[in-house]
Amino acid sequence: MTPKGGRGFEGGGRGSCRAVDNRLTRGVRPPNWLGQMNTIVSIRQLSKIYGEGETEVRALDDVSLDIEFGEFLALMGPSGSGKSTLLHIIAGIDRPTEGECHVQGVDVAKLSESELADWRNQNVGFIFQTFNLIPVLTASENVELPLLLT
């Protein structure tokens with residue numbers, strides 16, 4: 001299924017792209033939690049609105065998207081088209097204004113804060129663009145710190 005909806009990434013218009021390559025996963029079986037399904041991420045009619053009234057910004061507008069087991073997906077688009085917002089919702093960092101976001105069969109938008117924190121701890125790894133390293137620690141200590149906190 002291809003993305004659909006409003007502007008930018010969501011609209012499938014300016015700058016949007018879906019690149020899929022399954023060559024590396026042919027013959028690889030999906031994990032047991034998938035059962036007979038191959039869908040890792042299923043997004044339906046997802047919207048994210050920041051602000052209200054005149055300052056309202058629609059970062060995502062009615063996005064629907066499936067990501068299958070083994071797919072490599074590239075989200076491309078101009079600045080402000082909703083790429084990071086979509087990834088933040090999938091990872092459970094942000095919540096949608098409307099719609100559903102199922103990851104590994106779990107609707108992350110409906111989890112409580114505590115359930116969401118546990119889910120992220122077990123299922124999501126983050127690599128931030130600015131790395132968020134602690135300057136007084138060595139590289140090894142920066143890698144070790146999150147492991148000590150879990």
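These legends describe several views of one predicted model.

**View 1. The whole chain.** The chain holds 4 helices and 4 strands. Of the 150 residues in the chain, 29% are buried. The chain exposes about 9,900 Å². Carbon and sulfur atoms supply 54% of that area. Now consider contacts between residues at least 6 apart in sequence: 59% of them join residues at least 24 apart.

**View 2. Confidence along the chain.** The average pLDDT of the chain is 80. A score of at least 70 is reached by 75% of the residues. Where is confidence lowest in the chain, and where is it highest? Helix α1, residues 8–11, is lowest, with a mean of 38. Strand β3 is highest, at 95. Over residues 1–25, the pLDDT is below 50. In the model, this stretch still has 63 contacts beyond near neighbours in sequence. Where pLDDT is low, the predicted coordinates should not be read in detail.

View 3. Helix α2 covers residues 83–90. Which of its residues are buried? They are Lys 83, Thr 85, Leu 86, Ile 89 and Ile 90. Gly 92 follows α2. The phi of Gly 92 is positive, near 80°.

**View 4. Gln 45 in a strand.** Gln 45 sits in strand β1, which spans residues 39–50. The phi of Gln 45 is near 45°. That is a positive value in a residue other than glycine. Is Gln 45 buried or exposed? Gln 45 counts as exposed because its relative accessible area is 55%, and the cut-off for exposed is over 50%.

**View 5. Gln 104 in a loop.** Gln 104 lies in the loop between β3 and β4. Strand β3 covers 98–103, and β4 covers 106–107. Gln 104 is not a glycine, yet its phi is positive, at about 55°. Why is Gln 104 called partly exposed? The relative accessible area of Gln 104 is 27%. Buried means under 20% and exposed means over 50%, so a residue in between is partly exposed.

**View 6. The two glutamines together.** Gln 45 belongs to strand β1, while Gln 104 belongs to a loop. Phi is positive for Gln 45 and also for Gln 104. Gln 45 is exposed; Gln 104 is partly exposed.

Methods. Residues are numbered from 1 along each chain as its sequence is written. This is a predicted model: local features need pLDDT of at least 70, side-chain atom pairs count only at pLDDT 80 or more; totals for chains, interfaces and linings use all residues. Side-chain values use heavy atoms; hydrogens and water are left out. Buried means under 20% relative accessible area, exposed over 50%, partly exposed in between (1.4 Å probe, protein chains only). pLDDT is the predictor's confidence in each residue, from 0 to 100. Contact means heavy atoms within 4.5 Å. Accessible areas come from the Shrake-Rupley method with a 1.4 Å probe; for residues, only the protein chains shown count as cover.
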